[in-house]
Amino acid sequence: MRVYRDDQKFINLRINIVLWVTVGVFVFLAGSFWFVQGLQAEKYRTLSDANAMRELVIPAKRGLIMDRNGKILADNQPAYALVVDRVILKPLVKGDKTHKDKLFTFVCSVLGTTPAQLQDRWDKAVANAIGMQPITIAEDLTLQQVASIQSQAMGFPELNVNPVQRRNYPYDTLAAHTLGFIGEATEKDLANRKDLKLGDLIGKRGVELMYDDRLRGKDGAQYWEYDSHGRRLGEYRPLRKEPQAGDNIYLTLDFELQRRAEQYFIENEFVGAAVALDPRNGEILALISSPEFNPNVYSKRFTTDTYKTIASNPYKVELNRSIQGLYSPGSVFKTVMATAGLATGKLDPSTTFDCGGSGVFFGRRFRCWEKSGHGVVNVERALKVSCDIFFYNTGARLGVDTISEYAHDLGFGQITQVDLDGEKGGIVPSTKWAEDKQHRKWYPSETISVAIGQGPLIVTPLQVAVMMGAIANGGTVYRPHVLRQIEHTNPDGSVARYRAPAQVLRQTKFSPNVLEHVRNGLWKVVNEEGGTGGNARISGLDISGKTGTVQVIAQSGWFSTAGLPFMERDHAWFASYAKKDDPQMVVVVFVEHAGAHGGTDSAPLAKMLYQARFQDQGTNARLNLSDPEVLEQIKEGKLPQPGVAPKEPAQPANSALGH
Amino acid sequence: MIDRRLLPSLDLNFLGTALVIGAIGCMLVYSATFYSDPTGYPLNTFHKQVLWMGIGIVLMLIFTFIDYHVLFDIAPITYGIGITLLLYLLIWGRATAHVHSWIRIGGFQFQPSEFMKVFTALMLAKFFDSNDRAYLNFRTFVIAMGIIGLPVCLIFLEPDLGTSASFAPLVGVAMFFGGIRWRVWVAMILIALIVLPGLYFFVLKGYQKERVMIFLNPERDPLGSGYQVTQAKIAIGSGGIHGKGFTQGTQAKYGYLPARHTDFIFAVLGEEWGFIGVTILLGLYLFFIVQALTMAKHARDRGGTFLVICLISFFIFHILINISMQIGVLPTTGIPLPLVSYGGSSTMMFFIAVGLMLNVDMRRFVNT
């Protein structure tokens, strides 16, 4: 049917050439698309996401810190941060060169800062930001500031007020040294810990630092989609990563004991430390260092001025005196001397020395604090009246190396391994210590000073508490700790709890007989007429303890130092436990420059804590808020309102930091 | 005019392929513009494209059933009208300083240069129908080049480099199928080597030169002119094998991809339908081209063969140039993807071309 044309061959050849060239090019194009879509898909997928999506961190809620009864000591409060979206800012500055100046003038007028301060904050935020992420230029806006910013929202679309969570310590200074505080991760932190990113808030001190990994949780992320004009369109849900809240921590601290002890220091304007712990497991019930700081100040990104004020405070508020303060133990150390003497057999319960007010040892005359002397004393009476002459003789019999050995056994000269940062180990001298550390020979006369807790011997209040715990519980040295329980909420909502176990550091090998005599002596200190710790006596509780007074400046004779300037006054110790036959709590109180005997300034606090622990069960336990009587008492201010800081707590003059 | 006996000869495969490609085009136009519509009022872009396609199909049927010999007869008239419109645009555009390549009628505008492609193809096919020598001599070569060169010059002066360049396949057809001896080929290539650099330095405008430079080095200015190719490649690459899904392409949806409903619509396909979608559309185009070339072989007369070759050469040229520029194989030019890109004039023109090819194929048997 078809017409044969004479040009058919010519045309068909050329059509076939066109056909095959076309097929070839199509195959080449398909290959090129395979190269882009098959092999480089991941690279372009990333670029595509970077185009349209920006990651915003959803900060994880930091775990709560509570006392042993669940009273909240650290939580999170909503706050407002001022954030600049640079994606929106960029075209605005391009369109109006003066826009950034206008923005700065406005922000400075709202925040009350200088342009230089703002620029500084800005530069740091830009350096910390990943890509074009929004930058935070101010935190903790007041509601008034939020209102002024929002009224100007039309002129500055790049400004956003974002709700954030701020760490809050509802009782301000309460247990500040134990809780610690948080702050921005430094470059050093970032180098050490790979899971951190710039701008993260992490624990810097105390429990916040020690258990930071548990408290911090895992930040989530949300992805916002933007169009090519930089307008935010909405969240891209499939990529959202929910934040994982940090674990809650229950401390071993007892809010009521802690509060009363702090109140005691504040009311008396005392500088010092106190420790209450459970001798049966090492749980710390109260840990006080006075003066205290307000950790709420730190949870803001504070200016350098605030930091300088705190650092230059003469009372060293940041020092946690209970674990970092190094002091001579004074007569408290006589407990160790009595134990060592009896355990080595250099003393026996009937060994007596005659105290005439002074004695000569190794060619030097040493005085007893009682000028008139104590007469003939055995070990129990020596503890009761704190006779120096008795323990000078004990020291001379034992020698410094034996003293050192027993002091180490009871926890001195080394850290107690408490779960807090910056703990100091103190010094327990020995001949070896003199050679290694001092490059000199040990003089036997120095042993006489050590025997009454003076000389190079220095200890922390917590070490004294651990020693007292071992004496009380029959010789077991527990690791003191503040962690009671960690509460982890799994993604499925179930709660896993980890209970901190009691850890035995050492089991000393004193015979029960040895400790029996030491404990008798300590009981007499408080409970017999003429004992130095009578101020702590509570009938029925059988409190046992040892007082100590540490001379700050060398004095030729013994006289009252009450009239001396503050810095030259003596330190006062009281180390104790109760009950005698069923020890449940150790209390160590140390007051710097108290100006009076240990029994006068320190013992009353111990007494108060024992009362709180053993007698006021009602306030010690968690408040029963359904009880109308309890509610009435809260209303009248007799009981602290749960979850709210006590109104205007009395601040000591020397720690007027806070806000 | 419509002879019922012709209907069984209508190639439904070819027609079906064109309609499927057109339907894919409408879906892509929807996907590219549903989120933020660049034209919008009174009809949105997708609706307009559906309308264009509808008009295109009607025009296609008209150009299928009017015997192409009749169209050859009136080819000089249609060609003349096209040239007149181009001249009008050029003179009126210059006079009012409104340089446009389109004419507005009512609410719609159309580009005479697109329709000029069909008119020129008809004119050229008519010329070769009457010139049945195997090789062109100097006189016939000049006439063939004149038929093509006149509209190209007018469009180039508008100035619309992309569209004028899209007449290049006709030159290729004239020389390759019209028949030129190898000595002439060598001479042409030599002249081209001399003329092209001269063209680049003295004739091309700044932005046109810039496009060539960016083609040679796409990373040169990623946020400037190279931005288009970069974003298109991101769109295509991020689609991967399976694509992000219909209307799920962030590059297309959020406006990162420029000219996403016109020149770069293929990148939308790559992003949302992935390599699978790309392969399917490439396959459809190849099937379409193979069928058209077969039609050219089987055409009843020399004029029919040349008409199909001229028209399918437009398709091949547009498809290859457009798809190549998506991933930076060739420089960015304003060349639409046949039957897929948004655009009234080009959609209508390509459907008319489909109709003309069906027309030739339908009448491949003697004594119709």
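## Contacts and fold of chain A

Two residues are in contact if their C-beta atoms, placed from the backbone, lie within 7 Å. In chain A, 74% of the contacts with a separation of 6 or more join residues 24 or more positions apart. Chain A has 26 helices and 23 strands. Both are DSSP runs numbered from the N terminus: helices are H or I with at least four residues, strands are E with at least two.

This is a predicted model, in which local features need pLDDT of at least 70, side-chain atom pairs count only at pLDDT 80 or more, and totals for chains, interfaces and linings use all residues. Residues are numbered from 1 along each chain as its sequence is written, while chains are lettered from A and ligands numbered from 1 in the order in which they are written.

## Confidence in chain A

pLDDT is the predictor's confidence in each residue, from 0 to 100. It averages 83 over chain A, and 85% of the residues score at least 70.

Two stretches of chain A call for caution. Residues 554-562 stay under 50, and the model gives them seven contacts beyond four places in sequence. Residues 641-659 also stay under 50, with 38 such contacts.

## An enclosed helix

Of the 659 residues in chain A, 42% are buried. A residue is buried with 20 or more other C-beta atoms within 10 Å of its own, exposed with 12 or fewer, and partly exposed in between; C-beta atoms are placed from the backbone.

Helix α15(A), residues 334-344, has 10 of its 11 residues buried, so the rest of the structure largely encloses it. Among them are Lys334(A), Thr335(A), Val336(A) and Met337(A). Just after α15(A), Gly345(A) has a positive phi of about 85°.

## The A-B interface

Chain B brings 41 residues into contact with 37 of chain A. On the chain B side, α10 (227-239), α11 (250-253), α12 (265-298) and α13 (302-326) each supply at least two residues. The largest share, 13 residues, comes from α12(B).

By class, this side of chain B has 23 nonpolar, 13 polar and five charged residues. Ala, Val, Leu, Ile, Met, Phe, Trp, Tyr, Cys and Pro count as nonpolar, Asp, Glu, Lys and Arg as charged, and the others, Gly among them, as polar.

## A helix pair in chain B

The axes of α4(B) (residues 112-130) and α5(B) (residues 138-157) come within 10 Å and cross at roughly 170°. That makes the two helices roughly antiparallel, a term for angles over 145 degrees. In α4(B), residues including Met116(B) and Phe127(B) belong to the contact; in α5(B), those including Ile147(B) and Pro151(B) do. The contact has 10 nonpolar, two polar and no charged residues.

Notes:
Axes fitted to C-alpha atoms, helices over the stretch in contact; angles between N-to-C directions. Parallel < 35°, antiparallel > 145°, perpendicular 65-115°, else oblique.
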